[in-house]
Amino acid sequence: MDQKLLKQLNRWHEENNFQQIIDTIEGIEEHDYDTICHLARAYNNRGEDGDFEQAIQLLQMVSDMGSEDPLWHYRLGYAYFYSGSYEKAETAFERAMELDPGNEDAAYFIRASREMLLGERGEFQENYAPEVYEEEELDIIEDYIAQTFGEFDSVFHEIISPDIHVDICLIPPGEERNFYTLVTMGMGAHRMDVPEDLTEYKLERAELLICLPADWKLDSEDERWYWPVRLLKILARLPVHEETWLGWGHTIDHGSCFDESTELCGSMLINPAGFGDFESVCRLPDGSEVNFYQVIPLYREEMDFKTEHDAKELLQQMDSRALIVDPKRYRFCSDKTLLS
């Protein structure tokens, strides 16, 4: 595109003069990828009847050239969203995020698309009254997570929360710890059904964390990368759905492999490791305590070993390789690796 024309189009865009952009580009005899994308953007922004369908048609004309362009996918998702095609919009925005992980607008529209899809099925947050922390409690929990595990700017927010509201704090790798730490925030609003003989230990409330390698693709929802997030959400709700409790040394059998990319199929809760010396308990104003446990995924033979022995003996068989998720990690409880 001619740079003088490009400068003029951008000026009109800033002035919200979308009709001038449309008239100018449609008056050009020959179009290239850039002019078609600018024309689609103008139709998107004008937003009159039929404009979004027109934008979709224009963008699809250059789909082969736009396949690796995050802006092309974003504009296509925008047109789909405002034309009411929320599933197609979600797909387009997800691709835009894959190509440009820092695109906060695309992240917003992914959430918005999912909310609209849930709404089409009659699911609205106002239909539910989940258990949540008091505002003061939430502030204390946030401070504890930041001070204990690391500062976080990103949070995976839940769209619909029928029982408890489970957000996940994303703590990025740093100089001291070259791995991601994902921490639930909301599980502890529910008081678990702990046996009476353990009530003195204040184990009714808990939050969970899991550690992922620095190269883990957290912006992807492919199950190969998403299953640790899903695991946290499943475990956080287990005490609510099963009227039970989770604590140190508990193992949970997933029943099958978490994903076809791994043979890990269960998990165990331990005290957080690799974060220095600290107390893995956050005390709240009402005197209750929120216990933080780390989730470590297990192989079938490790699950069996724990069942036959106990959590302490299983941990004696393992080392730090179990602390950070590795879908192909070393198997600790095969016959050849058991320690005497």
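Modeller: A cut-off comes first: a residue counts as exposed with over 50% relative accessible area, as buried with under 20%, and as partly exposed in between. Keep in mind that this is a predicted model.

Start with Glu134. It counts as exposed because its relative accessibility is 55%. Glu134 is found in the loop between α8 (104–120) and α9 (135–149). It does not stand alone. Glu134, Glu135, Glu136, Asp139, Asp143, Glu151 and Asp153 gather in a patch of negative charge on the surface.

The protein chain has twelve helices and eight strands. Its C-alpha trace spans about 80 × 50 × 40 Å along the principal axes. Of the 340 residues in the protein chain, 49% are buried.

Next, the charged pairs. Side chains of opposite charge can pair when their charged atoms come close. Over the whole structure, a search finds 20 salt bridges.

Take Asp51 and Arg46. They form a salt bridge, and the closest N and O atoms are 2.7 Å apart. The two partners differ in cover. Asp51 counts as buried because its relative accessibility is 3%. Arg46 has a relative accessible area of 24%, so it is partly exposed.

Arg191 and Asp286 form a salt bridge too, with their closest N and O atoms 2.9 Å apart. This pair links distant parts of the chain. Arg191 lies in the loop between β3 and β4, Asp286 in the loop between β7 (281–283) and β8, and 95 residues separate them. Arg191 counts as partly exposed, at 44% relative accessibility. Asp286 counts as partly exposed, at 44% relative accessibility.

Then there is Glu279. Its salt bridge is with Arg283, and the closest N and O atoms are 2.8 Å apart. Glu279 is partly exposed, since its relative accessible area is 46%. Arg283, with a relative accessible area of 45%, is partly exposed. Some salt bridges share partners: Glu137, Arg191, Arg205 and Asp286 are joined this way into one network.

Now the strands. β4 covers residues 205–213, so Arg205 of the network falls within that strand. Nine of the nine residues of β4 are buried, so the strand is largely enclosed by the rest of the structure.

β4 has two pairings to look at. With strand β3 (residues 179–185), β4 pairs in the antiparallel sense over five bridges. Here Phe179 has Pro213 in β4 as its bridge partner. With strand β8 (residues 289–298), β4 pairs in the parallel sense, again over five bridges. There Glu207 stands opposite Phe292 in β8. The Arg191 loop runs between β3 and β4, while the Asp286 loop leads from β7 to β8.

Asp310 is found in the loop between α11 (300–308) and α12 (311–317). It is partly exposed, because its relative accessible area is 34%. Asp310 and Thr251 are 59 residues apart in sequence. In space, their C-alpha atoms are 10.0 Å apart.

Notes: Residues numbered from 1 in each chain as written. Predicted model: local features only at pLDDT ≥ 70, side-chain atom pairs only at ≥ 80, totals over all residues. Heavy atoms only, no water. Patch = residues over 30% accessible without salt bridge, like charges linked within 9 Å, V, L, I, M, F, W, Y side chains within 5 Å. Areas by Shrake-Rupley, 256 points an atom, 1.4 Å probe, with all protein chains shown as cover. Salt bridge = Lys/Arg side-chain N within 4 Å of Asp/Glu carboxyl O. Lys, Arg positive; Asp, Glu negative; His and termini not counted. Charge placed at Lys NZ, Arg CZ, Asp CG, Glu CD. Helix = DSSP H or I, 4+ residues; strand = E, 2+ residues; numbered from the N terminus. Buried < 20%, exposed > 50% of the residue type's maximum accessible area, 1.4 Å probe, protein only. Pairing = 2+ DSSP bridges.
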